[in-house]
Amino acid sequence: MTLISPKRITAFAIALCAMSLGGATYLLFRPTSLTLFSWIEKINMLDYVDTVRENINFSLPGWVIYSLPDGLWILSYMLVIGAIWDFDLKNSAPALFFLPALALISELLQLPGIVPGTFDPGDILAYALGITLAMVYIIKNNRYEKN
């Protein structure tokens with residue numbers, strides 16, 4: 001029986017934290033007009049979310065609310081894919097870079113209006129930060145690297 005390595009457990013834990021932080025930011029600070037809130041309402045959790053939102057007595061900078069969750073989700077995705085592939089960058093590259101490439105392309109295509117949404121350079125920066133942090137972790141833990 002093979003145990004999951006500590007570096008993979010750490011990657012999954014960081015990914016879970018990043019996903020949770022991005023999700024909490026959306027739930028607590030984004031406008032309730034987002035589709036996410038209709039899903040929350042369908043599972044009868046909107047009253048709980050509203051109660052928490054009403055009791056928040058601080059604000060966050062706009063980039064934290066509107067761009068950081070995107071970077072956190074890219075970080076989370078890449079860490080999970082990296083861990084699943086045991087940080088084998090060579091063989092995991094198609095799966096590893098599919099979603100980040102899609103995110104970057106869709107953000108850039110918002111600029112000319114090809115993709116709905118508002119282009120935000122902050123989103124590009126958040127994606128780049130998430131990708132960079134994930135790559136540092138993956139490269140550091142590449143199973144083919146000599147330690």
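## Overall fold

Along the sequence, the protein chain runs in the pattern α-α-α-α-α-α-α, with 7 helices and 0 strands. Helices (H or I, at least four residues) and strands (E, at least two) are DSSP runs numbered from the N terminus. Taken along the principal axes, the box filled by the C-alpha atoms of the chain is roughly 50 × 40 × 30 Å.

This is a predicted model, in which local features need pLDDT of at least 70 and side-chain atom pairs count only at pLDDT 80 or more, while totals for chains, interfaces and linings use all residues. Residues are numbered from 1 along each chain as its sequence is written, and side-chain values use heavy atoms, with hydrogens and water left out.

## Packing of α5 and α6

Helix α5 (residues 68-84) packs against helix α6 (residues 89-110) at an angle of about 165°, and their axes lie 8 Å apart. Axes are lines fitted to C-alpha atoms, for helices over the stretch in contact, with angles from 0 to 180 degrees between N-to-C directions. The two helices are therefore roughly antiparallel (angles over 145 degrees; under 35 is roughly parallel, 65 to 115 roughly perpendicular and the rest oblique). Their crossing is right-handed (the near helix is turned clockwise from the far one by less than a right angle).

On the α5 side, the contact (heavy atoms within 4.5 Å) is made by Ile74, Tyr77, Met78, Ile81 and Gly82. The α6 residues include Phe97, Phe98, Pro100 and Ala103. This contact of α5 with α6 has 11 nonpolar, 1 polar and no charged residues (Ala, Val, Leu, Ile, Met, Phe, Trp, Tyr, Cys and Pro are nonpolar, Asp, Glu, Lys and Arg charged, and the others, Gly among them, polar).

## Packing of α5 and α7

α5 and α7 pack at about 25° with axes 7 Å apart, which makes α5 roughly parallel to α7. The crossing of α5 with α7 is right-handed. Among the contact residues are Asp70, Gly71 and Ile74 of α5 and Asp123, Tyr127 and Gly130 of α7. By class, the contact of α5 with α7 has 13 nonpolar, 3 polar and 2 charged residues.

## Largest pocket

The largest pocket holds about 320 Å³ of space. On a 1 Å grid over the protein atoms alone, probed at 1.4 Å, a pocket is an open set of points with protein on both sides within 12 Å along at least five of seven lines, and lining residues have an atom within 4 Å of a point. Grid points are joined across faces, edges and corners, and the volume is the space filled by probe spheres set on them.

Of the 14 lining residues, Tyr26, Asp70, Trp73, Ala103 and Tyr127 are the closest to the pocket centre. α5, α6 and α7 (121-140) each supply at least two residues of the lining, which divides into 9 nonpolar, no polar and 5 charged residues.
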